[in-house]
Amino acid sequence: MSAMPAPDLPTLRWGIIATGLISSWFVKDLVLDRPDAKARHIIKAIGSSSREKGQVFAQQYCPQEPPSIYGSYQEVYADPSVDIVYIGTPHAFHVRNCLDAIAHGKHVLCEKAFTLNASQAREVFAAAKDRGVFVMEAMWTRFFPLMRDLQVKIHEENVIGRVQRVFCDFSLDMDIDSLPDDSRLKNPDLGAGSLLDIGIYSLTWGLLAADPNIASKAQMPSILASQKLANGADVATSAILSYPNGVQSIVTSSLSFATAPQFCRIEGTEGFIILEGPVHSKARDGDATAEARTFIFDKPGMGFYWEADAVAIDISEGRTENEIMPWGETIRVLEILDEVRRQGGARYSCD
Ligand SMILES: NC(=O)C1=CN([C@@H]2O[C@H](COP(=O)(O)OP(=O)(O)OC[C@H]3O[C@@H](n4cnc5c(N)ncnc54)[C@H](OP(=O)(O)O)[C@@H]3O)[C@@H](O)[C@H]2O)C=CC1
Ligand SMILES: O=C1OC[C@@H](O)[C@H](O)[C@H]1O
């Protein structure tokens, strides 16, 4: 028997911008039948550079309730049946797409990296403030229960004592040389490079494991960074974040090889935590003497619905920011990414 969400749950009507990989993952998760759903999500419109692409996308991912299909993004912004626009274009277009959606009075959930630099993000949030609409960076892993549980274990229950050092890597073997020059991973005009695409995940763990606070309450670490560049984009980035209390987070990313399954190690005075598996599916803690405990993190689909449910609840309760990923945190992350690129050499034309 199918488990439909209760009818009184907050309901959000989505317009999807772009029909690439992430939009397909996001929409597949949104239309999943989930007994524990905290919100109801309806895909009302698909906007694509091509109406045909939009049709194929809708047939494949929205079979139950066919959305309106548009051969432009503007038509999605203008559609009165859309409450919120989900932006799944390459990073370089996020600022324009966000501003356009906000100008039409739409709420926005925009993929990571939110914009190419902190200055663009400030511009978007200023526009959102003026229009009074909800905006959030789709930093989906911050909404994983595993992420939330580990924050409590590390910073409230102190299960590994005082955190001393964090290592986190996210690398993918993308065979960059074989990609076309217009690939978003290769072309700096599209926001190419490992840092904004996947290094942002390593940085997220590096920050959250070192300091429980976010946005303006968080300590700002000093940064030492190095990048390997190809055609102006970073193929690899390594950064050391050093905190005034001596904690160091070593965060790395690369597009030349794949991360080992154990992608993150958080070391404390009384033990360690290892994160492993695809999209944070497992955490293990232990120390030299005690037997390690393993926390398995199974989930239906990929887990994009947690951020989507949080957004629906915020909007239904009249908030314009989310407390897990508020505007100040997106700006803080982008300021760190800006500094890493300043030291490492990767530049975008908007810098
Ligand atoms: N949260 C996550 O797990 C993931 C997030 N992402 C993020 O999503 C964004 C898009 O990534 P991804 O889906 O992998 O990218 P894709 O290349 O698969 O798709 C991007 C889509 O954007 C649209 N687009 C508009 N202008 C351009 C252009 N000049 N060049 C290419 N595409 C264009 C196209 O859709 P159309 O023709 O329909 O308009 C295209 O299909 C990035 O910001 C990335 O960081 C990506 C993967 C996973
Ligand atoms: O966010 C992401 O996670 C998965 C990767 O495949 C993708 O390149 C990246 O954008």
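Among contacts between residues at least 6 apart in the sequence of this protein, 70% link residues at least 24 apart. The model is a predicted one. Its secondary structure consists of 9 helices and 14 strands. The protein is as compact as a globular protein of 351 residues, because its radius of gyration of 20 Å is close to the 20 Å given by the globule rule for that length.

Some overall values for the protein are listed here.

| Property | Value |
|---|---|
| Radius of gyration | 20 Å |
| Box filled by the C-alpha atoms, along the principal axes | roughly 60 × 50 × 40 Å |
| Share of the 351 residues that count as buried | 47% |

The next topic is the ligand. Ligand 1 is surrounded by 21 residues. Ala-18, Thr-19, Gly-20, Ser-48 and Ser-49 are the closest of these. By type, the shell around ligand 1 holds 8 nonpolar, 8 polar and 5 charged residues. Both domain 1 (11-140) and domain 2 (145-300) supply at least three residues to this shell.

Ser-49 sits in the loop that runs between strand S2 (40-47) and helix H2 (51-61).

Key: Residues numbered from 1 in each chain as written. Chains lettered and ligands numbered in written order. Predicted model: local features only at pLDDT ≥ 70, side-chain atom pairs only at ≥ 80, totals over all residues. Near = placed C-beta within 6 Å. Nonpolar A, V, L, I, M, F, W, Y, C, P; charged D, E, K, R; others polar. Domains from an automatic or database assignment. Helix = DSSP H or I, 4+ residues; strand = E, 2+ residues; numbered from the N terminus. Rg over C-alpha atoms; globule rule 2.2 N^0.38 Å. Buried ≥ 20, exposed ≤ 12 C-beta atoms within 10 Å, placed from the backbone. Contact = placed C-beta atoms within 7 Å.
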